[in-house]
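Please read the points alongside the structure shown here.

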Amino acid sequence: MYTVISNHDFNKLAKEQKHNENLTLKGNEAVVLDATYMDSISPAYVGSAISFKTNKKVQHITVTDFKKYSVFNLYTAQNSIVISDELFARLQSEIKPLNIEAYKITDDDDAKQLSKDIQAIVPEKANLSSFYANYATGLESSGLMIFMGGFLGLVFLAATGSIIYFKQLTEAGADKDRYEILHKIGVKKKEIRKSIAKQILFIFALPLLAGITHCAVALTALSNLMQTNLVVPVVICMGIYTIAYIVYYFLTVHSYYKIVIKTK
C-alpha cells in the first residue's frame with residue numbers, strides 16, 4: 001500500500017529534513033519514496049506504470065524516479081508516491097485526503113520522555129507516530145536477532161573448541177610413546193613443546209579463520225538487510241571468538257604436553 005503526496009508538500013518536507021531535493025512533476029509523472037529499498041528484492045520502479053481506482057475512474061501514473069528515503073516516519077507511511085500538484089488536486093476532489101501534522105524536534109533518537117508526554121496528551125484516534133518509538137522498536141528487533149545469532153555462535157564455538165580439545169588429548173595418548181622416545185634420544189622438552197604448539201596452532205587456526213569470515217559475511221549481510229550499522233557488534237563477536245579460541249589453544253597445548261612428557 002502506498003501513500004500519495006503532492007509535489008509541493010514533498011518539496012516542503014524534504015527541505016525541512018535537509019534532503020536537498022526539489023521535484024518538478026507534471027501530468028501523470030510520479031516518484032516513489034522507498035526507505036527500505038534493496039537492489040536484490042525491491043521492484044524496478046523507474047519506467048513502471050501504476051494504476052489505482054478513484055470514485056470516478058482508473059488513474060494511471062508513470063514512475064520517473066525513486067528515492068531511498070521517506071519524508072514520513074516508517075510506520076506512518078512505509079512507501080509513498082509523489083505526484084504532480086495538478087493530479088493531486090484532481091484526486092483531492094474525488095477522495096477525501098488524510099491530514100498529517102509533522103513536527104521536527106532536536107535529539108529525536110533520545111526523546112523517550114517527550115514521546116510519552118505527547119502520547120498522553122493526544123487522543124488515541126490521532127495515531128501518533130514518533131521517530132523515537134520507531135527507532136527503539138528497530139533497535140529492539142535488531143538487538144534480539146544479534147543476541148540470538150551471537151548466543152548460537154558462542155554455543156557452536158564452545159562445542160567446536162571442546163571437540164578439538166578432546167580430540168587432541170586422544171591423539172596425545174596415542175603419540176605418547178613417540179614423544180618419550182624423542183626425549184630419550186636427546187630432544188629437549190622446550191623443543192617438543194614448541195613442536196606441539198605449532199601442530200595445534202594449525203588445527204585451531206583454520207576453524208577460527210572460518211568462524212571470523214562467516215561472522216563478518218553474515219553480520220554484514222544482516223547490516224545491509226536491516227540498514228543498520230553493525231560494525232561494533234561484528235568487532236565484538238570477532239573479539240570474543242578469538243579470545244575463546246586462544247584460551248582453548250593454550251589449554252590444549254598445556255594438557256597435550258603434560259600427557260606426552262612425564263614431569264617429575
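1. The model is predicted. On its surface, Leu144, Phe147, Met148, Phe151, Leu152 and Val155 make up a nonpolar patch of about 640 Å². Phe147 belongs to helix α4, which covers residues 131–184. Its relative accessibility is 56%, so Phe147 counts as exposed, the cut-off being over 50%.

2. Aromatic pairs number six in the structure. In one of them, Tyr45 and Phe66 are tilted, with 5.9 Å centre to centre and 45° between the planes. Tyr45 lies in the loop between β2 (29–34) and β3 (49–53), while Phe66 is in strand β4 (residues 58–67); the pair therefore ties together parts that are 21 residues apart in sequence. Tyr45 counts as buried because its relative accessibility is 5%, whereas Phe66, at 21%, counts as partly exposed.

3. The pair of Tyr179 and Tyr256 is edge-to-face, because the ring centres are 6.2 Å apart and the planes stand at 85°. Tyr179 in helix α4 and Tyr256 in helix α6 (residues 231–260) are 77 residues apart, and the pair links these distant parts of the chain. How accessible is Tyr179, and does it count as buried or exposed? Tyr179 has 9% relative accessibility and counts as buried. Tyr256 also counts as buried, with a relative accessibility of 0%.

4. One aromatic cluster is formed by Phe204, Tyr245, Tyr249 and Phe250.

5. A contact between a charge and a ring should be noted as well. The charged end of Arg193 is placed over the ring of Tyr257, at 4.8 Å from the ring centre.

Notes
Residues are numbered from 1 along each chain as its sequence is written. This is a predicted model: local features need pLDDT of at least 70, side-chain atom pairs count only at pLDDT 80 or more; totals for chains, interfaces and linings use all residues. Side-chain values use heavy atoms; hydrogens and water are left out. Patches are made of residues with over 30% relative accessible area and no salt bridge: like charges are joined within 9 Å, nonpolar side chains (Val, Leu, Ile, Met, Phe, Trp, Tyr) within 5 Å. Accessible areas come from the Shrake-Rupley method with a 1.4 Å probe; for residues, only the protein chains shown count as cover. A salt bridge is a side-chain nitrogen of Lys or Arg within 4 Å of a carboxyl oxygen of Asp or Glu. Helices (H or I, at least four residues) and strands (E, at least two) are DSSP runs, numbered from the N terminus. Buried means under 20% relative accessible area, exposed over 50%, partly exposed in between (1.4 Å probe, protein chains only). Rings of Phe, Tyr and Trp (its six-membered ring) pair if their centres lie within 6.5 Å; planes under 30 degrees apart count as stacked, over 60 as edge-to-face and the rest as tilted. A charge sits over a ring if NZ of Lys or CZ of Arg is within 6 Å of the ring centre and within 35 degrees of the ring normal.
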